[in-house]
Amino acid sequence: MKNIILVTGASSGLGRATATALKAQGHTVYGTSRDISRLKDVPFTPLAMDVTDDASVNAAVKKITDAEGRIDVLVNNAGNGITGPLYAMPVEYAKKQFEVNFFGVLRMCSAVLPGMIENKQGLVINISSLAGLFGLPYQGLYSASKFAIEGYSESLRMELQNTGIKVTVLNPGDFKTDFTGNREKVPFTLINHQLKAEFQADVAAMAKDDSICADPLKLAVQVCK
């Protein structure tokens, strides 16, 4: 069966690979990005959308449903990362992390699910992370946001169990994407040489590990299944 599919965060990495693979299977695929210029020369239909903005999300979802009549599958992939020590973390960074990684998922589901409920069918795939199953040093905000997706998705699945809509969570590890380069780093402000050295060593290890990771196509294959 060919589906109408919406993939968020499709400008690069896991999202782009996923949207491309789904399109290759014959599905009608819309891939989103805050910056539409980053979606040049893609095989799927590009769509400008910011998951942190209600009006942007609602407008994009309406554009798809006006054109196609429905959305069968929502892949919540858009996300960002913030690195820094939790013991000196300004709340503003936590809000920024959750606005994309958690509230973005909530915003998307709230915009798409009423239509799926009316159609009595649909699939929501939330891209979480291994960091949503256990905490990671200096990525605590990222882990917390992904833990939130786990709990939200489990509860959502139970609420929708009699509607014909399925909710799935994928927990990928590290993949070779632009995520590391785009990860925002919180300045280390404490005067503590030991903790600063540990922080710097761990951040360097993250960058090294991410540079030798798996091809995003491997995740795309799982989404296609």
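**View 1. The side chain of S145 and the backbone oxygen of Y142.** In this predicted model, a polar atom of the S145 side chain lies 2.7 Å from the backbone oxygen of Y142. S145 belongs to helix 5, which covers residues 140-159. With a relative accessibility of 0%, S145 counts as buried, because buried means under 20% relative accessible area. Once the neighbours within four places in sequence are left aside, the residues in contact with S145 are Q97, F98, N101 and F102.

**View 2. The packing of helix 4 and helix 5.** Helix 5, which holds S145, also packs with helix 4, formed by residues 103-119, and the axes of the two helices come within 11 Å and cross at roughly 20°. Helix 4 and helix 5 are therefore roughly parallel to each other, since angles under 35 degrees count as roughly parallel. The crossing of these two helices, helix 4 and helix 5, is right-handed. On the side of helix 4 the residues that meet the partner helix are V105, L106, C109 and L113, while helix 5 brings I149, Y152 and L156. The residues of this contact between helix 4 and helix 5 divide into 7 nonpolar, no polar and no charged.

**View 3. The packing of helix 1 and helix 8.** Helix 1, made of residues 13-24, packs with helix 8, made of residues 217-224, at an angle of about 50°, and their axes are 8 Å apart. Helix 1 and helix 8 are therefore oblique to each other. The crossing in which helix 1 passes helix 8 is right-handed. Helix 1 contributes L14, A17, T18, A21 and L22 to the contact, and helix 8 contributes L217, L219, A220, V223 and C224. Sorted by kind, the residues of the contact of helix 1 with helix 8 comprise 9 nonpolar, 1 polar and no charged.

**View 4. M89 in the loop between strand 5 and helix 3.** The loop that holds M89 runs between strand 5, residues 82-83, and helix 3, residues 91-101. M89 has a relative accessible area of 17% and is therefore buried, given that the cut-off for a buried residue is under 20%. Not counting residues up to four places away in sequence, M89 touches G84, L141 and V186.

**View 5. D41 in the loop between strand 2 and strand 3.** D41 is placed in the loop that joins strand 2, residues 28-33, to strand 3, residues 45-48. Although D41 is not a glycine, its phi is positive, at about 55°. The relative accessible area of D41 is 81%, so this residue is exposed, the cut-off for an exposed residue being over 50%.

**View 6. K120 in the loop between helix 4 and strand 6.** K120 lies in the loop that leads from helix 4 to strand 6, which spans residues 122-127. K120 has a positive phi of about 60°, although K120 is not a glycine. At a relative accessibility of 65%, K120 counts as exposed.

Notes: Residues numbered from 1 in each chain as written. Predicted model: local features only at pLDDT ≥ 70, side-chain atom pairs only at ≥ 80, totals over all residues. Heavy atoms only, no water. Helix = DSSP H or I, 4+ residues; strand = E, 2+ residues; numbered from the N terminus. Buried < 20%, exposed > 50% of the residue type's maximum accessible area, 1.4 Å probe, protein only. Polar contact = N/O pair within 3.5 Å; in protein donor to acceptor, adjacent residues only side chain to side chain. Contact = heavy atoms within 4.5 Å. Axes fitted to C-alpha atoms, helices over the stretch in contact; angles between N-to-C directions. Parallel < 35°, antiparallel > 145°, perpendicular 65-115°, else oblique. Left-handed = near helix turned anticlockwise from the far one by under 90°. Nonpolar A, V, L, I, M, F, W, Y, C, P; charged D, E, K, R; others polar.
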